[in-house]
Amino acid sequence: MLQGWVVVATSFAYLGLLFAIAYYADRRADAGRSLIANPYIYALSLAVYATAWTFYGSVGRAASDGVGFLPIYIGPTLMIALWWVVMRKVLRISKEHRITSLADFIASRYGKSALLGGVVTVIAVIGIVPYISLQLKAVSNSFTIVLQYPAIVMPAKVGAVPVLQDTALWVALSLALFTILFGTRHLYSAEHHEGMVAAIAFESLVKLLAFVAVGVFVTYGVYGGFGDVFARAAADPELRPLLTPLEGVAGGYASWAWLTILSMLAIMFLPRQFQVTVIENTDEKHLNKAIWLFPLYMLVINLFVLPIAFGGRLHFPGGVVDADTFVLTIPMAERQELLALLVFVGGLSAATGMVIVETIALSTMVCNDLLMPVLLRMKSLRLNERTDLTGLLLGIRRGAILLILLLGYLYFRLAGEAYALVSIGLISFAAVAQFAPAALGGIFWKGGTRRGALAGLAAGFAIWSYTLLLPALARSGWLPIGLLEQGPFGIALLRPLQLFGLSGLDQITHAMLWSMIANLGAYVLVSLTGSQSAEEHRQASLFVDVFRRSPEAGGARFWRGTASATDLHNLLARFLGIAAADEAFRDYAQRKGLLWPAQALDADAEFVHHVETQLAGAIGASSARIMVASAVKEEALTLEEVRKIVDEASQVVMYSHRLEQKSRELEAASAELRAANEQLKELDRLKDDFLSTVTHELRTPLTSIRAFSEILARDPKVDLEQRRRFLGIIAKETERLTRLINQVLDLAKVESGRADWNESAVDLREVIDDTVGAMSQVFKERNVRLELQLPAKVPPVRGDLDRIIQVMLNLLSNAVKFCDPQHGRINVTLAEQGGALRVEVCDNGPGVAPGDEKIIFDKFVQAGDTLTDKPQGSGLGLYICRHIVEHHGGRIWVQRAPAGGACFAFTLPIERGAAETKTKRRRHDEESADR
Amino acid sequence: MHGFEKNSQRMVALCMLGCLLFNFPVLALFNVPATFLGVPVLYAYIFVAWGLLIALMAWVAEKRD
């Protein structure tokens with residue numbers, strides 16, 4: 001099924017399918033339901049990076065170099081991590097200035113310089129031509145090879161053919177036609193090529209699918225999995241060196257590192273990558289997904305490169321089959337016709353995707369940044385008088401596409417056969433890498449000047465031509481080969497491959513090293529020694545500070561002059577068509593709250609700026625500048641004035657930053673105040689609670705004292721026994737009152753931090769003995785059995801003896817109060833534990849209700865239900881205990897005793913010299929601070 | 001805006017990590033004639049480290065803070 005007509009029909013059917021997809025996407029876009037406004041499509045469209053180079057060339061490279069093909073994909077992964085910072089900025093700048101291409105971007109940054117835009121365009125076109133020839137070579141080779149089926153014959157063996165019978169020419173022409181039909185059906189201005197992007201995303205899927213299919217087939221169908229392929233390769237003496245390949249390759253790690261850097265720059269500055277990443281981007285947020293999806297795509301498409309490369313070399317020993325064709329020839333040799341056809345279509349999709357986007361990007365550059373500025377300046381053409389230029393613009397773009405593809409074909413005829421696919425592609429990578437200093441420098445360094453950028457580009461490009469392009473032409477026999485071997489005029493120091501005697505590097509590393517030194521050096525040196533014009537200064541500040549100013553405060557502030565709305569409308573209509581001009585006017589009017597054309601628009605600075613940006617979206621910044629300047633009367637601003645505006649702007653920014661900071665501080669202060677207020681309110685509430693509880697507690701004993709003393713005073717006949725009982729009650733209640741008042745006084749002292757603490761070494765054992773002794777009478781009265789578990793000797797703690805006794809007494813009397821009324825039992829234990837002494841007082845009463853363990857140490861909280869039970873204390877004892885224990889750096893808590901009652905425990909740290917007191921003090925300070 | 005700044009720093013750090021992982025001398029440590037599950041150690045290392053880096057980038061890029 002691999003007859004010629006089937007292959008041709010399949011190819012055209014595939015191109016037709018692309019057309020259908022593009023058409024559908026364009027229709028969807030017109031209906032306002034964009035297909036490409038979606039991060040997945042965006043990520044897939046970035047995969048236009050994977051061209052025929054990836055599809056066929058990686059295997060070829062891997063077959064001779066092992067991992068040598070990988071930096072081309074690892075580099076972009078590293079760069080994309082930086083995109084979060086770098087690309088976001090480029091995207092924002094490009095949106096605000098309606099950038100139409102890479103040349104437009106660089107020209108716009110350096111004062112909308114038409115010359116710079118032209119230089120960038122020329123470098124891009126010359127630099128990319130080898131890359132396009134690579135695609136033509138890959139497609140025509142794969143076509144030729146498929147046609148020989150079932151024989152496997154290399155295209156070089158088929159023999160040289162006359163131009164008109166050359167497949168590559170027909171491939172070039174069909175691709176040109178296809179791209180013209182595809183990309184220049186109407187003038188897009190800076191709108192997105194929706195149809196193109198959708199088709200590219202689809203192509204990315206097709207090539208991935210085809211490559212993974214052939215990878216799986218070779219790895220698991222022809223061989224027995226990864227292990228098998230590598231084991232067989234290891235057994236082959238020719239392939240064994242490839243298994244640890246970095247020793248073998250010339251330059252080893254240096255070459256690897258330079259390839260990584262080169263591809264880091266390529267992923268940003270290849271015109272087609274700039275097109276899909278920046279110009280076609282619909283939403284900055286899509287970057288978040290693309291940042292990992294696109295590297296993942298590259299990882300997956302490279303997984304099977306090595307098995308195919310080794311499999312191919314094992315399959316076709318002796319080098320009769322070009323390794324660049326293994327992807328296609330292995331399925332053919334295995335008689336897998338359908339798979340071979342799929343591979344052919346995959347390769348076609350990889351090549352067409354690249355060619356379409358690249359030529360559209362380049363043709364936009366040629367039109368907007370090379371031809372239009374020249375044509376508009378040529379007064380003799382009288383372009384200014386033509387009413388509709390859209391046809392001219394489209395014509396230029398179509399011509400440019402055809403021209404670029406024919407240049408690619410020419411290069412293929414001239415130099416294509418001498419190099420492998422990857423080597424051709426790397427020449428282009430090195431060319432676009434020359435844009436890096438001017439472009440990256442331009443968005444982060446305000447000091448870069450137009451002259452600096454021009455000097456850098458010129459120097460870098462000159463070295464590139466001399467060290468890469470010249471040798472390519474010499475090797476193909478178009479220039480004397482002696483030029484490479486002896487150097488021009490026999491000067492060995494100037495040999496293009498060992499410039500200034502630098503040898504031992506591979507060609508790309510050598511060229512990159514010298515061209516980057518020249519480029520960066522010239523850019524920085526000329527920028528630092530020269531000065532900027534007013535326009536440059538303004539654009540530099542707009543680019544570098546893009547995130548620091550509001551969009552509307554942008555370009556408009558820099559314009560002064562007079563214009564008429566009618567002139568501006570005519571201007572727009574000539575380049576965009578009447579409908580688009582009306583649209584632009586209506587948009588602007590709507591933003592201003594006016595109804596155009598019923599209400600006239602004031603042609604002020606902001607409006608002129610709006611028109612210029614709209615125009616820039618169609619014809620590029622430099623051409624737009626020329627056109628607007630011709631349509632309105634403007635006064636040129638001097639450099640001083642621009643500086644002043646820029647400085648004002650940055651001062652405003654500074655003020656607003658300061659204001660923001662002040663308001664943040666204010667907010668923080670008011671939040672603090674609010675918190676303090678809340679705390680005060682809470683304290684107030686607590687004080688009220690406290691007062692009402694204390695008065696309540698005081699009233700209860702007072703009431704009974706008063707009642708009994710009144711009985712005694714009024715009724716003299718009360719018998720002696722009764723009298724004694726009443727007096728006993730009065731005495732007891734008075735005692736309770738005294739205790740309560742003492743506790744309240746104590747509490748006030750402790751809380752205010754004014755309590756006197758007489759610290760000394762305290763023996764806890766003694767304390768326990770003393771307090772138990774003092775309470776022995778009470779234990780006896782209540783019939784409580786006391787068990788002590790005390791070690792013979794414990795280290796002393798540092799503290800206030802009286803206070804610690806107070807804690808002990810409180811815990812013991814609590815235990816007595818709550819323990820079982822009939823068979824009361826209390827256990828007191830003392831133990832040393834982790835640098836502290838622990839005292840436990842356990843009873844066999846009802847215990848503390850679960851959930852109350854924490855609050856029981858709060859003020860006026862009493863165990864049990866206060867509504868039904870008669871309260872048995874003031875509710876202050878435990879609170880004071882907690883204060884005292886915490887003051888000493890210890891902890892107090894309650895747990896369930898093994899016998900079921902409550903078990904109160906506290907710890908006090910063992911005295912350990914000065915350090916200990918310090919902690920205590922600090923704790924105390926913190927507590928006072930809390931209050 | 002704060003989270004964005006933080007993520008920018010994370011991404012730059014990841015790029016630096018990648019530069020370290022895929023260069024001399026770390027690469028040289030794996031450039032040995034041995035195999036891991038039948039795959040030469042260098043190849044296995046590059047793909048695993050690469051995948052890991054992508055996973056970290058995904059984590060940072062998709063983080064909401």
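This is a predicted model: local features need pLDDT of at least 70, side-chain atom pairs count only at pLDDT 80 or more; totals for chains, interfaces and linings use all residues.
Helices (H or I, at least four residues) and strands (E, at least two) are taken from DSSP runs and numbered from the N terminus.

Residues are numbered from 1 along each chain as its sequence is written, while chains are lettered from A and ligands numbered from 1 in the order in which they are written.

**Stop 1: a loop in chain A**

Select A:R98, in the loop between α5 (86-97) and α6 (102-109) of chain A. Its phi is positive, about 45°, although A:R98 is not a glycine. For background, most residues other than glycine have a negative phi. Is A:R98 buried or exposed? A:R98 counts as buried because it has 22 C-beta neighbours inside 10 Å. The cut-offs are these: a residue is buried if 20 or more other C-beta atoms lie within 10 Å of its own, exposed if 12 or fewer, and partly exposed in between, with C-beta atoms placed from the backbone.

**Stop 2: another positive phi**

Now jump to A:N783, which lies in the loop between α32 (776-782) and β4 (785-789) of chain A. A:N783 is not a glycine either, yet has a positive phi of about 60°. With 11 other C-beta atoms within 10 Å, A:N783 is exposed.

**Stop 3: a covered helix**

Select residues 621-631 of chain A to bring up α28, a mostly covered helix with 8 of its 11 residues buried. Colour the buried ones: A:A621, A:S622, A:S623, A:A624, A:R625, A:M627, A:V628 and A:A631. Then show what covers them, which includes α5, α6, α7, α17 (337-377), α25 (565-576) and α27 (605-619) of chain A.

**Stop 4**

Axes here are lines fitted to C-alpha atoms, for helices over the stretch in contact, and angles run from 0 to 180 degrees between N-to-C directions.

α7(A) passes α21(A) in a left-handed crossing, meaning that the near helix is turned anticlockwise from the far one by less than a right angle (clockwise would be right-handed). To see the contact, select A:L115, A:L116, A:V119, A:V120 and A:I123 on α7(A), with A:R450, A:A453, A:L454, A:L457 and A:F461 on α21(A). Two residues are in contact if their C-beta atoms, placed from the backbone, lie within 7 Å. By class, these residues divide into 9 nonpolar, no polar and 1 charged. Ala, Val, Leu, Ile, Met, Phe, Trp, Tyr, Cys and Pro count as nonpolar, Asp, Glu, Lys and Arg as charged, and the others, Gly among them, as polar.

**Stop 5**

Step back to A:G447, in the loop between α20 (436-444) and α21 of chain A. A:G447 counts as partly exposed, with 14 C-beta neighbours inside 10 Å.

**Stop 5: α12 across α23**

Next, show α12(A) with α23 (residues 507-529) of chain A, whose axes come within 9 Å and cross at roughly 60°. This pair is therefore oblique, and α12(A) passes α23(A) in a left-handed crossing. Here A:A254, A:S255, A:W258, A:L259 and A:L262 of α12(A) meet A:I508, A:T509 and A:M512 of α23(A). The contact has 6 nonpolar, 2 polar and no charged residues.

**Stop 6: where the chains meet**

Bring in chain B, which has 65 residues, 29% of them counted as buried. Its 3 helices and 2 strands follow the pattern α-α-β-β-α along the sequence.

How many residues of chain A are in contact with chain B? There are 27, in contact with 31 residues of chain B. On the chain A side, α4 (71-83), α11 (226-235), α12 (252-269) and α14 (286-302) each supply at least two residues. The largest share, 6 residues, comes from α14(A). By class, this side of chain A has 21 nonpolar, 5 polar and 1 charged residues.

Finish on α14(A), where 12 of the 17 residues are buried, so this helix is largely enclosed by the rest of the structure. Among the buried residues are A:W292, A:F294 and A:Y297.

Conventions: Angles under 35 degrees count as roughly parallel, over 145 as roughly antiparallel, 65 to 115 as roughly perpendicular and the rest as oblique.
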